[in-house]
Amino acid sequence: MSSLSLDHTHDPSLRSWVASSNTNDTDFPIQNLPLAMARAAGSSEPFRPFTAIGDQALDLVAAADLGALPAEVADVLRACVGQGLNPLMAAGPTLRRRCRHALVAALVEGSEGGGPARLSAALVPQSTLEFTLPCRIGDYTDFYAGIHHATTVGKLFRPDNPLLPNYKWVPIGYHGRVSSLGVSGQQFRRPLGQMKAPDAEPPSFGPCKRLDYELEVGALVGQGNPQGQPVSIDQAEDHLFGLVLLNDWSARDIQAWEYQPLGPFLSKSFATTLSPWVVTMEALAPFRRSFSRTGDHPQPLPYLDGAVNREQGAVSIQLEVHLQTAAMCAAQVPPHRLMRSDFADCYWTFAQMLTHHASNGCNLQPGDLLGSGTQSGAQPDQGGSLLELTQGGKQPLTLPNGEQRTFLQDGDSVTLVGFCEAPGHRRIGFGPCVGTVLPAITG
Ligand code: CA
C-alpha cells in the first residue's frame with residue numbers, strides 16, 4: 001500500500017451520516033477528509049485538529065475521547081493540540097492512512113463504531129470555527145515549475161530569452177519567508193518598497209503600484225530526511241503529506257528592480273496566503289496522472305526520473321482565480337472568475353521538487369512548505385497572475401460591473417479555488433483560499 005493506491009475509502013458510492021457531505025457540489029465528501037487546525041471562533045482555546053465533512057467539521061480529539069479512533073492515532077492527534085499537525089506529519093503515511101480509515105469508518109452511513117449517536121457531540125459547523133496555519137512551517141521554498149508562467153513572464157522581462165538555459169533541467173526555486181504566511185482570510189497591507197520605472201533615474205521608494213497575486217499549489221512535507229541523506233525519486237511520495245492552495249502575493253515593480261542577481265526578496269516576503277484544509281495525498285489518489293516529457297523537452301536527469309513518478313507523479317487539480325473588488329463587495333456582487341488551469345500541466349511533479357530539494361543533502365522537516373510556482377495554462381486567458389492576464393499591465397481587464405484592473409487595488413479580495421474531478425470518482429475540493437489587500441501604511 002502507498003499513498004497512490006486506491007482502496008475502499010475512495011469508493012464513490014460511500015455516503016456519510018452527515019447529510020451535507022452527500023451533495024454533488026460539496027468540496028468535502030467522505031472521500032476527501034482533509035485536515036486543519038481550528039478552534040471556536042473568538043475563543044482562546046488551543047487550536048486542535050479537525051477534519052471537514054460537508055459543511056461540518058469533526059473535532060478529532062473529541063472524536064478520540066469518544067472512542068472513535070484507534071489508540072495510536074488518538075495519541076498522535078492529541079500531540080497536535082496547540083502545536084499543529086507536525087506530529088501526524090512526522091508519523092508517516094502508514095499512520096496517516098490508519099487515521100483516514102478510522103475516520104471513514106466513523107463517518108460512513110450506517111457506521112457501527114461511530115455514527116451520530118456517538119459522534120454528534122464532536123461535530124461543529126465549519127462556519128463557527130476560526131483557523132490557523134495547519135502546521136508549524138519551519139521552511140518555505142517556492143519553486144517556479146509552471147512553464148507557461150515562466151515563459152510569459154520571461155518574455156516580459158527578457159523578450160529574446162524567456163526561458164533561461166537551466167529551466168528545463170533544474171526545478172528552479174528560492175527560499176521564501178515563513179513569518180508572513182497566513183491562512184485564508186488573511187488581510188495584509190500593501191507593501192512599500194524601492195522601485196525604478198524604465199525611464200526614471202534614480203529609483204524611488206513608496207507604496208507598490210503593481211501588486212499582484214500568484215495562483216500556486218503548496219505541498220506540505222510529511223516525514224523528513226536526515227541532513228546529508230537525499231530522498232530518492234522512488235521514495236519521494238512517502239515524504240509528501242498533502243496539498244493546499246497557495247497565493248504568493250507579489251509586488252511586480254519591487255520585483256523587477258530587485259530580482260537580479262539573487263532572485264525575489266521584498267517583492268514576495270510581505271504576505272503569502274494558504275488554504276486551511278490540507279488535502280492528503282491519500283485523498284488525491286484517484287486524480288493522479290502520468291508524467292512525461294515530449295517534443296523538444298529533455299528527459300529529466302536520472303535522479304529525477306523513476307517509474308512511479310512517470311506513471312503517477314502528476315496530480316490533476318482544476319484551479320481558478322476569482323476577484324472581488326470593494327465596490328463588488330459593497331454591492332453584494334459575487335467574486336468574478338478570472339481564469340482556470342490544471343495542475344497536471346505543472347512542469348515538475350512535487351516528488352521531483354522534493355527529491356531535487358534534498359539532493360544536496362538538505363534536510364527537509366515535517367511541515368516544510370513547497371510552493372509549485374504560478375500555475376498558468378497554455379492559453380493567454382489562463383494566466384495565473386495579473387502580470388500575465390494584463391500583459392504586464394498594458395491590457396486592463398474589465399470586470400462585469402465595468403471596473404477595470406491592471407493590478408490589484410486596495411480593498412480587492414482574491415479567492416483561489418481548487419477541485420479534483422475524474423470519471424468514476426467523487427469530486428473533492430480544497431475549500432477557498434481568500435486574501436484581501438489593505439491600504440499601505442505611509443504615515
Ligand atoms: Ca511564486
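**Overall fold and salt bridges**

Arg288 is buried, with a relative accessible area of 9%. In this predicted model, the side chain of Arg288 meets that of Glu237 in a salt bridge, with an N to O distance of 2.7 Å. Arg288 belongs to strand β18 (residues 288–289), whereas Glu237 sits in the loop between β13 (215–221) and β14 (240–247), so the pair ties together parts that are 51 residues apart in sequence. Glu237 is likewise buried, because its relative accessible area is 7% and the cut-off for burial is under 20%.

A salt bridge also forms between the side chains of Glu320 and Arg340, at 2.5 Å from N to O. This pair links distant parts of the chain, with Glu320 in strand β20 (residues 318–324) and Arg340 in strand β21 (residues 336–342), 20 residues apart. Glu320 has a relative accessibility of 5% and therefore counts as buried. Arg340, at 39% relative accessibility, counts as partly exposed.

Glu109 counts as partly exposed, at 44% relative accessibility. Arg15 is partly exposed as well, with a relative accessible area of 42%. A search of the whole structure finds 20 salt bridges.

The charged side chains of the protein comprise 31 positive and 41 negative ones, and the centres of the two sets lie 2 Å apart.

The C-alpha trace spans about 70 × 55 × 40 Å along its principal axes. The radius of gyration is 22 Å, which agrees with the value near 22 Å for a compact globule of 443 residues. Of the 443 residues, 57% are buried. Among contacts between residues at least 6 apart in sequence, 74% join residues at least 24 apart. The protein exposes about 17,800 Å², and carbon and sulfur atoms supply 53% of this area.

How values were computed: Residues numbered from 1 in each chain as written. Predicted model: local features only at pLDDT ≥ 70, side-chain atom pairs only at ≥ 80, totals over all residues. Heavy atoms only, no water. Rg over C-alpha atoms; globule rule 2.2 N^0.38 Å. Buried < 20%, exposed > 50% of the residue type's maximum accessible area, 1.4 Å probe, protein only. Contact = heavy atoms within 4.5 Å. Areas by Shrake-Rupley, 256 points an atom, 1.4 Å probe, with all protein chains shown as cover. Lys, Arg positive; Asp, Glu negative; His and termini not counted. Charge placed at Lys NZ, Arg CZ, Asp CG, Glu CD. Salt bridge = Lys/Arg side-chain N within 4 Å of Asp/Glu carboxyl O. Helix = DSSP H or I, 4+ residues; strand = E, 2+ residues; numbered from the N terminus.
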